[in-house]
Each structure stands twice: as structure tokens, then as C-alpha cells.
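Trainee: I have a new structure open and want to learn how to read it. Can we go through it feature by feature?

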Amino acid sequence: MSSRRFAILTCMDARLDPTRLLGVPEGSAHVLRNAGGRVTDETLQALLLSHQVFGTREWFLIQHTDCGVRLPDADLAAVLSDETPAVVALVPASFSDLTKAVAADLIRVQQHPHVPAEVQVFGYVYDVRHNQLLEVSPSRHSVS
């Protein structure tokens, strides 16, 4: 890792320690979490704020396998109340879908008109079973 400041967007799953995964000291990154680690309007706003106020120049998008939110739709619907916004669309079900989801999020961030050109954005899938961080490139994965 470079000495530049950076931000990490990942899942709210407590098993993930994003600074350990990237090999950086605790407290040295802005860590954003949500269900599935997806780029939403809110997380994109927070990333932009992180850049504008704190000067982050590298953003890391990390999703992971074996996510606890990845339940069948019927099971998830039974857990969520009517007042809870649905998160099913945020959380892909398979590893193939996971790499496509990361690639789609990378493209969304890179094409956003307010993301400065000097911000580098990286995407990863963390394989929980093999303790392996796998890089995702939007150009290597078709996004539909």
C-alpha cells in the first residue's frame, strides 16, 4: 500500500477485517460498511466526502463469499419487516454474480461525474473459505 490515504467499502459482516485484508494499520483508512458491500448513492456520497475532506486518493470496494445476507428471497423476506427496505437486489447470490457485482460497482464509481480522475478505484472479492483476496477488473467481466 502506498502512504496515500484511502477508503474501503465493504460488507457489514463482522468476520471481515478490511484493514487486515489489505495489510494496513488499524485506523489508517476510512471504512464504510453496508449489506453486501455494494456501492449505493449513500456510500458514493461518503466516498466523495472522504476524498474532498480527507484527501483519500485510493478507494477499495470489497465484497465477499459466504455472506450471511445471501439468503433465499423467501427466507430474507421472512426476516425483514414491512418497514425494512429490501436489500435483496444489493446482494448477489453466487461467486460469478459477485464478480459481476464488483465489476458493475467499479464501473458505476469510475463513470460518476463527480469522482476525480486522480482517485484510483480497486475492486476485490474476498474468498472467506480460502482467505484470499481476488482482484476484479471491470474490463475482464461482462456486466449486464
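Mentor: Begin with confidence, since this is a predicted model. Where pLDDT is low, the coordinates should not be read in detail. Here helix H3, residues 73–79, has the lowest mean pLDDT among the elements, at 55. Strand S4, residues 120–127, has the highest, at 96.

Trainee: What does the protein average, and what percentage of the residues score at least 70?

Mentor: The average pLDDT is 82. A score of at least 70 is reached by 74% of the residues.

Trainee: How many helices and strands are there?

Mentor: The protein has 4 helices and 5 strands. Read from the N terminus, their order is β-α-β-α-β-α-α-β-β.

Trainee: What do the contacts say about the chain?

Mentor: Take contacts between residues at least 6 apart in sequence. Of these, 66% join residues at least 24 apart.

Trainee: Is His64 buried or exposed?

Mentor: His64 counts as buried because its relative accessible area is 1%, and the cut-off is under 20%. This residue is found in strand S3, residues 58–64. Across the protein, 43% of the 144 residues count as buried.

Trainee: Which residues have the most contacts inside the largest nonpolar core?

Mentor: They are Val39, Leu47, Trp59, Leu61, Val109, Val115 and Val121, in a core of 19 residues. Strand S1 (6–11), H2, S3, helix H4 (95–111) and S4 each supply at least two residues of this core. H4 gives the largest share, 5 residues.

Trainee: Which residues is Leu61 in contact with, leaving aside neighbours within four places in sequence?

Mentor: The list includes Leu9, Val39, Leu47, Val102, Leu106, Val109 and Val121. Asp105 is also in contact with Leu61.

Trainee: What does Asp105 form a salt bridge with?

Mentor: The general idea comes before the case. Side chains of opposite charge can pair when their charged atoms come close. Asp105 forms a salt bridge with Arg38, with the closest N and O atoms 2.8 Å apart. This pair links distant parts of the chain, 67 residues apart. Asp105 is in helix H4, and Arg38 is in the loop between strand S2 (29–34) and H2. Asp105 is buried, with a relative accessible area of 4%. Arg38 is buried too, at 13%.

Trainee: How many salt bridges does the count come to?

Mentor: The count is 4. Another of them joins the side chains of Arg108 and Asp41, at 2.3 Å from N to O. Arg108 lies in helix H4 and Asp41 in helix H2, 67 residues apart. Arg108 counts as partly exposed at 33% relative accessibility. Asp41 is exposed, at 51%. Asp13 and Arg15 also meet in a salt bridge, at 2.7 Å. Asp13 is buried at 13% relative accessibility, whereas Arg15 is partly exposed at 47%.

Trainee: Which residues form a nonpolar patch on the surface?

Mentor: Leu49, Val53 and Phe54 do, with about 290 Å² of accessible area together. Phe54 is in helix H2, residues 41–54. At 43% relative accessibility, Phe54 is partly exposed. For the protein, the accessible surface comes to about 8,000 Å². Carbon and sulfur atoms account for 52% of that surface.

Terms used. Residues numbered from 1 in each chain as written. Predicted model: local features only at pLDDT ≥ 70, side-chain atom pairs only at ≥ 80, totals over all residues. Heavy atoms only, no water. Patch = residues over 30% accessible without salt bridge, like charges linked within 9 Å, V, L, I, M, F, W, Y side chains within 5 Å. Areas by Shrake-Rupley, 256 points an atom, 1.4 Å probe, with all protein chains shown as cover. Buried < 20%, exposed > 50% of the residue type's maximum accessible area, 1.4 Å probe, protein only. Contact = heavy atoms within 4.5 Å. pLDDT = per-residue confidence, 0-100. Core = buried A, V, L, I, M, F, W, Y, C linked by side-chain atoms within 4.5 Å.
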